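Dear colleague,

I am handing over the structure below, together with some notes on what was found in it. Please read the notes with the coordinates open beside them.

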Amino acid sequence: MKILIVEDEVKTGDYLRQGLTEAGFVVDLVRDGMDGMHLALAELYDLVVLDVMLPNLDGWQVLQAIRRAGKDMPVIFLTARDQVGDRVKGLELGADDYLIKPFSFSELLARVRTLLRRGKTKEPDTLTAADLEMQLLKRRVSRSGKRIELTAKEFALLELLLRRQGEVLPRSLIASLVWDMNFDSDTNVIDVAVRRLRAKIDDDFTPKLIRTVRGMGYVLEVPEPE
Ligand code: CA
C-alpha cells in the first residue's frame with residue numbers, strides 16, 4: 001500500500017513518514033503543494049495525507065486537481081484550524097476525512113486503515129431520489145430528465161438533503177453546514193432557500209420530495225405510495 005504525504009512542516013512530515021513506514025506502508029513525502037499535485041496525478045497512490053496550508057498550491061487546490069483528474073483514492077486532510085468551514089469545504093471538495101492538528105499518530109493510523117479498508121466502495125457520483133438526479137462532479141441536477149438550474153447554495157442544500165435522505169435535518173444543522181453560520185443568525189434565510197429550492201424541484205413534479213417537519217426542520221424523502 002502506497003501513501004503520499006504532502007506536508008510542509010518538517011517535523012510533522014518526518015514523523016508521519018516514519019510512523020507510516022514502520023506501520024508497513026510505502027511512503028512518499030513532499031513539502032510543497034505543486035510537487036504534491038504532480039506526484040498525486042502521475043503516480044498511483046492508495047491514499048493521500050494532505051496538509052491544507054502549503055507553499056505554492058494549497059491543499060484545496062491539490063485536492064481539486066486530484067478529483068478533477070478523476071482520481072478517487074481516499075484523501076485525508078490536515079487542518080490547523082478548528083473551523084466548521086474548513087471541514088465542510090474539504091469534504092465538499094472530495095476529501096474523505098480530516099484531522100485537526102495537533103493529532104496523535106495512532107488516530108491518523110486508525111483513519112488511514114479505515115479508509116483503505118473501505119477501499120473501492122467509494123460513494124457514487126450521482127445522488128438520486130425518485131426521478132430527481134444530482135451529478136456531483138458535473139454539478140447538474142435534473143428531474144424526470146429535465147435540467148434544473150440551481151444556485152451554488154441551492155445545490156449545496158439539495159446535496160445535503162439528498163445525502164441524508166429520510167433524516168429530519170434541523171435548521172441549525174443546515175445553517176452550519178450550508179451557510180457556515182450559527183443558529184442564532186437569521187434562520188429565515190434557510191426557510192427562504194428551501195422555498196426556492198422546492199419551487200424548482202418539487203412544484204412542477206410529483207411526488208413532492210422535500211417535506212417540512214413542524215418544529216423540527218426539513219427532510220427529503222420519497223413518499224410511500226398511497
Ligand atoms: Ca502547513
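A helix here is a DSSP run of H or I with at least four residues, and helices are numbered from the N terminus. Please keep in mind that this is a predicted model.

With that definition, α7 is followed by Asp180, whose phi is positive, near 55°. Within helix α7 itself, which spans residues 171–179, the buried residues are Arg171, Ile174, Ala175, Val178 and Trp179. These residues cover an arc of only 100° around the axis, and they therefore lie on the same side of α7. As for what they pack against, the buried residues of α7 meet α6 (152–163), β10 (169–170), α8 (188–201) and β12 (217–220).

Strand β7 pairs in the antiparallel sense with β6 (residues 126–129) over 4 bridges, and Glu133 of β7 is the bridge partner of Thr128. These two strands form a hairpin with 2 residues between them, and Ala130 in the turn has a positive phi of about 50°. Strand β7 is also joined by 4 bridges to β8 (residues 140–143), again running antiparallel, with Arg143 of β8 as the bridge partner of Leu132. In the hairpin of β7 and β8 there are 4 residues between the strands, and Arg139 takes a positive phi near 55°.

Terms used:
Residues are numbered from 1 along each chain as its sequence is written. This is a predicted model: local features need pLDDT of at least 70, side-chain atom pairs count only at pLDDT 80 or more; totals for chains, interfaces and linings use all residues. Side-chain values use heavy atoms; hydrogens and water are left out. Buried means under 20% relative accessible area, exposed over 50%, partly exposed in between (1.4 Å probe, protein chains only). The arc is that of the directions from the helix axis to the C-beta atoms. Contact means heavy atoms within 4.5 Å. Two strands pair if DSSP finds at least two bridges between them.
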